[in-house]
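I am new to it.

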Amino acid sequence: MPATKVWVTGLTVGAIAAVAALAVQADKGPHPTAGKARPSATASPAASPAPSKPARAAEVPDDSGTGRRIVYDLGDRRVWLVDASDAARRTFTVWPGTVSPDPGRYTVSSRTMATKGSDGVQIENIVYFAAKSGISIAFSNAVDGSSPPPAAGKQTGGVRMRAADGAALWTFGETGTPVVVVD
């Protein structure tokens, strides 16, 4: 084999070994979570005020009961989809409207595939679970993926999330599913 081919083959093998070593190291390091901000031209997690207390991404709140349920933590601005064995199947950050439900136990009362929100934004995967001061409170996501700040002077009960999280909540949150709100 010519010296050039041996050198190129050795270089290729060395590069593959280096990439494999880096991949193993990366797998052992910290992994990004749903709460990480991403740059965007529209309002996003980075544009939202920080939660009032540290997010417990891995832990379902202790005071949220047991069994299959949706858990919404007002202070952390986080939702967990919890299965019947009390394991969190998914957790993600949300952006609440101007009207929030009181802490307590609710159930999914109805669902609507798509409509226009009270703020004028097209929304989908709307899962209603509470009402306060005549305002319906529901989980949803904006069709265009945005999370605009609530319109000045408007009372909104939408709890917005990213589209993938909205689709997961829609699938999980059938009518009658318990919703536990904690603070």
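Two strands pair if DSSP finds at least two bridges between them. Helices (H or I, at least four residues) and strands (E, at least two) are DSSP runs, numbered from the N terminus. This is a predicted model, where local features need pLDDT of at least 70, side-chain atom pairs count only at pLDDT 80 or more, and totals for chains, interfaces and linings use all residues. Residues are numbered from 1 along each chain as its sequence is written, and side-chain values use heavy atoms, with hydrogens and water left out.

Q: How many helices and strands are there in the protein chain?
A: Read along the sequence, the pattern is α-β-β-β-β-β-β-β-β-β-α-β. The count is two helices and ten strands.

Q: What share of the 183 residues in the protein chain is buried?
A: Buried means under 20% relative accessible area, exposed over 50%, and partly exposed in between (1.4 Å probe, protein chains only). In the protein chain of 183 residues, the buried share is 34%.

Q: Is strand S1 largely enclosed or left open by the rest of the structure?
A: Arg 69, Val 71 and Asp 73 point one way from S1, while Ile 70 and Tyr 72 point the other way, and all are buried. That makes five of the five residues in 69-73, so S1 is largely enclosed.

Q: Which residue in S2 is the bridge partner of Arg 69?
A: S1 runs antiparallel to strand S2 (residues 78-82), and five bridges join them. The two form a hairpin with four residues between them, and Arg 77 in the turn has a positive phi of about 55°. Across the pair, the bridge partner of Arg 69 is Val 82.

Q: Which strands stand at the edges of the open sheet of five strands?
A: The sheet has mixed pairing and the order S4-S9-S8-S7-S6. Each edge strand has a single partner, so one side of each is left without a neighbour in the sheet; the edges are S4 (95-96) and S6 (110-116).

Q: At what angle to S7 does helix H2 run?
A: H2 (residues 163-172) has buried residues Asp 165, Gly 166, Ala 168, Leu 169, Trp 170 and Phe 172. They pack against S1, S2, S3, S6, S7 and S8 (contact means heavy atoms within 4.5 Å). Axes are lines fitted to C-alpha atoms, for helices over the stretch in contact, and angles run from 0 to 180 degrees between N-to-C directions. H2 lies across S6, S7 (122-132) and S8, and its angle to S7 is about 60°.

Q: Which element gives the largest share of the lining of the second largest pocket?
A: About 210 Å³ of space lies in this pocket. Of its 17 lining residues, the closest to its centre are Gly 117, Ser 118, Ile 123, Ser 136 and Gly 158. The elements giving two or more residues to the lining are S6, S7, S8 and S9. The largest share, four residues, comes from S8.

Q: How far apart in space are Asp 83 and Thr 66, C-alpha to C-alpha?
A: Asp 83 lies in the loop between S2 and strand S3 (88-93), and at 14% relative accessibility it counts as buried. Leaving aside its neighbours within four places in sequence, Asp 83 is in contact with Gly 67, Arg 68 and Arg 89. Thr 66 is 17 residues from Asp 83 in sequence, and in space the C-alpha to C-alpha distance is 9.1 Å.

Q: What is the phi of Asp 86?
A: Asp 86 is in the loop between S2 and S3. Asp 86 is partly exposed, at 34% relative accessible area. Most residues other than glycine have a negative phi. For Asp 86, phi is positive, near 70°.

Q: Is Ser 133 buried or exposed?
A: Ser 133 sits in the loop between S7 and S8. Ser 133 has a positive phi of about 55°, although it is not a glycine. At 64% relative accessibility, Ser 133 counts as exposed.

Methods
1 Å grid on protein atoms, 1.4 Å probe; cavity = no way out; pocket = protein on both sides within 12 Å on 5 of 7 lines; lining within 4 Å. Points joined across faces, edges and corners; volume = space filled by probe spheres on them.
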